[in-house]
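Please look over the sequence and the model shown here before reading on.

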Protein chains: 2
Amino acid sequence: MDALLPVANVLGRLLSIFSFAYLMPIAAAIYYNDGTTADFVAAMVISLLGGLTLYFTTRANYRELKPRDGFLLVSSVWVLMASIATIPLLLVYDTMSFTDAFFETISGLTTTGATVMTNLDHAPPAINLWRHELNWLGGMGIIVLAVAVLPMLGVGGMQLYKAETPGPMKDAKLTARIADTAKALWLVYVGFTIACTLLLQQAGLSWLDAICHTFAAMSLGGFSTRDASVGAFDNPQVEFILIVFMMIAAMNFATHFLAIRGRDLRTYWRDMEVRGVIGLIVASCFGVALYVWLEGTYEDYPTALRHVSFNLVSIGLSSGFVSQDYEKWPVFAPLWMMFLANITCSSGSTGGGIKMIRTLILAKQANRELTRLVHPAIVNPVKVGGSPIPNNVVIAVLGFIFLYFMSVVMLTFLLILSGLDFISALGAVVGSITNAGPGLGVVGPSSNYAGLTDFQTWVCSFTMLLGRLEVLSLAVVFTPQFWRK
Amino acid sequence: MDALLPVANVLGRLLSIFSFAYLMPIAAAIYYNDGTTADFVAAMVISLLGGLTLYFTTRANYRELKPRDGFLLVSSVWVLMASIATIPLLLVYDTMSFTDAFFETISGLTTTGATVMTNLDHAPPAINLWRHELNWLGGMGIIVLAVAVLPMLGVGGMQLYKAETPGPMKDAKLTARIADTAKALWLVYVGFTIACTLLLQQAGLSWLDAICHTFAAMSLGGFSTRDASVGAFDNPQVEFILIVFMMIAAMNFATHFLAIRGRDLRTYWRDMEVRGVIGLIVASCFGVALYVWLEGTYEDYPTALRHVSFNLVSIGLSSGFVSQDYEKWPVFAPLWMMFLANITCSSGSTGGGIKMIRTLILAKQANRELTRLVHPAIVNPVKVGGSPIPNNVVIAVLGFIFLYFMSVVMLTFLLILSGLDFISALGAVVGSITNAGPGLGVVGPSSNYAGLTDFQTWVCSFTMLLGRLEVLSLAVVFTPQFWRK
Ligand SMILES: [K+]
Ligand SMILES: [K+]
């Protein structure tokens, strides 16, 4: 219990702060007079009271958190916030089950953006804004998680970044350090959010749609206010703006911070992850567009390039907006897009998957292994940015990848056992664990996750969280070692 | 060229010896008077002359092989033998293409046992015996490769076994060491082969069928003399005998050697791989049988257990015999069987996949990583048999697994690009790289690889060899580092 109570105290504080997030949908509910004002106010009051109660009853137990408490905190904070965030959904939709509501909110907060809701086009504006705000807040959470928390906890080789966090917080205490990092990077996040909103509104979207889709783009969350997602607008300018901001969101926010502070665009080029993301995405766009065009899906190459670029960037960067039913393309295309979602996004971005830095370390490690076979005596450590990576970091990275892909295999088997077909099961697991959103088959781009059974829905909810917390941080909480004195 | 010629000299010697393998089908052709005698004699003469020519023209270049030459030797020996072994097929079947003939022989020699031939039940007995003998000889080659060559070359962490090879060959020269190991283990292999043949004949098979299926079982090759594979006999006793000998073949032959020499059955129990193989297979058989029975595929549990046991052992141990169209079972079952093929067989066995020792190291490594997260300061090296494994071996194992699964992903994408559907492409790649044989879909258990295009056939031939040579040994030959001075 001496581990639980201090964590509960922090959770209480975070929940109290979180309750202010309801102000935005409350404002929308009043402005649009969509009849949900009372529901959102009730939800806000419950959250605030719950948070304050938790905070004050555990106040005596407060102490500075240790790294080990961090695992419990990050695992429980997402679950708690998602549970509380279901309140307005349950109040507004009488027939919605807690299973579905929790799926929707955890999908929002993990920036997965998979949905079980239909008829979004006619949902109350406040409800849509709330869903998108969850995306956006989730993105904030992830930036802090990735840039400040996971490196300190040493998850999957991310201790690499321990010394690289920007700002003056080296050797600072855990909570102070997180707060300082958060402030610096959130400023960047908010700045891009404002820019994207203005541009989307200029391109023809309503303010509500502009705000909602900006929230979903910057967090790489991928919720939409339309059942047909971004395809509903059929607006190339909107698609182009979203592509640009999704690319921005898929880069390390610490890199953005350094580039902006130093007013030096070359900062981006020096980030090997940025080079990796851009190279892989641009090559894939042109290549897949050529392939899809040659296979006759679209009349001309420019049209193919437009549609492939938007959907490939969106899925490959784990955003999950859709503008075409890309499952009707030759099957190589959607599978490649799903594969990219696993490996492309930068660490410190709002994207999911194993992250570009680990992809690059893996590629270098494979090359090193081949060289070592030819020259057994050679000393050729894997290097990142010029400095060699210690063996234990390489092992941590490889071990992480292994756990990640084993999770994909085992969870796919679990969904198959529950009655789903192979393609849909694999698609649901990859869509969830990468936090991309859309999968394949019954959970594919032309459909959503509403067709799943309750059990399958919970498996997907768990998988989203597993992916978001980089597998290890969640898995460790289920080990006996963790709970042993 | 100073690397090529000494290797060519050894290849010439091996090819000359290999030509004597034709004596068996020649004897069968004469005994059954099946009209193929002249074809096999011609093939034997061509092999012998080719081998002797190669040997004598490069005799001046002979020198003791270095470990690095080993990669070139193991990559080229399979290709050369398979090419030469096509001769009788091409002579007997006028319409057979070299593509198909090479697929059949490389499939035999890599002990994959996938086939492009139909109407096997009415093929000349000498042809069937030749196919099965290729399985058996391939099995011999793999035992030596796994127990003597790969550990020395340090492929994928197998330097672990460097000091553990049985017999007096430590620090001996490369060729002498291989020869000594080979003799000891081949004796074991031949002994089991004789025992299995006698038992199968007692169980009701003809001598030809008994010999052929023994060859295929001991090598985990999985060729059959029937289009319907072992299902054609519908004989539970035959199935039981084959299960026992497939389990034997899936263990390390060095362990068999030690157990027999020491007359101590506990030797098996001390081998952690044996425990792993038996545990995983037995648990899977009972579990999958229960599942298949509950789903209503078979009337009663004993029948389900019989059919699941045979097909699961066969596919899970990468043998590839089939007695039922298991693709009609609920999809979890065939997928699980295909998954087992990747991870189950022991090192030093005739089976394929990543090998049980690497599976166990992976599992321990994952557990270690989780422990390290809770206790960052702990020193808990991965141990095998009580002694800690050096970090560089763990890295080599993890790197190998990564290359293996990346190969699966990339080759599946390649087959999809060539027009195959996703399930069939994945099935063909997994069936080939694990050397199991049957895949899924158009290359599934009720069908064979005859439906593939020439390009797809070559991709599968390459994949079989890639799996058989543990990916790295083949991949390294394609790197620029290898050919640089
Ligand atoms: K997403
Ligand atoms: K096989």
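## The largest cavity

In each of chains A and B, helix H14 (332–343), helix H16 (391–417) and helix H17 (422–433) supply at least two residues each to the lining of the largest cavity; helices here are DSSP runs (H or I, at least four residues), numbered from the N terminus. This is a predicted model, in which local features need pLDDT of at least 70, side-chain atom pairs count only at pLDDT 80 or more, and totals for chains, interfaces and linings use all residues. Residues are numbered from 1 along each chain as its sequence is written, chains are lettered from A and ligands numbered from 1 in the order in which they are written, and side-chain values use heavy atoms, with hydrogens and water left out.

| Item | Value |
|---|---|
| Space in the largest cavity | About 1,000 Å³ |
| Residues from H16(A), which gives the most | ten residues |
| Lining by class | 32 nonpolar, six polar, no charged residues |

## The two chains

Chain A can be laid on chain B with an RMSD of 0.0 Å by a turn of 180° and a shift of 0.0 Å along the axis, with copies superposed by least squares on the C-alpha atoms of residues with pLDDT of at least 70 in both. The two copies are therefore related as by a two-fold rotation axis.

Terms used:
On a 1 Å grid over the protein atoms alone, a cavity is a set of points where a 1.4 Å probe fits but cannot get out, and a pocket is an open set with protein on both sides within 12 Å along at least five of seven lines; lining residues have an atom within 4 Å of a point. Grid points are joined across faces, edges and corners, and a volume is the space filled by probe spheres set on the points. Ala, Val, Leu, Ile, Met, Phe, Trp, Tyr, Cys and Pro count as nonpolar, Asp, Glu, Lys and Arg as charged, and the others, Gly among them, as polar.
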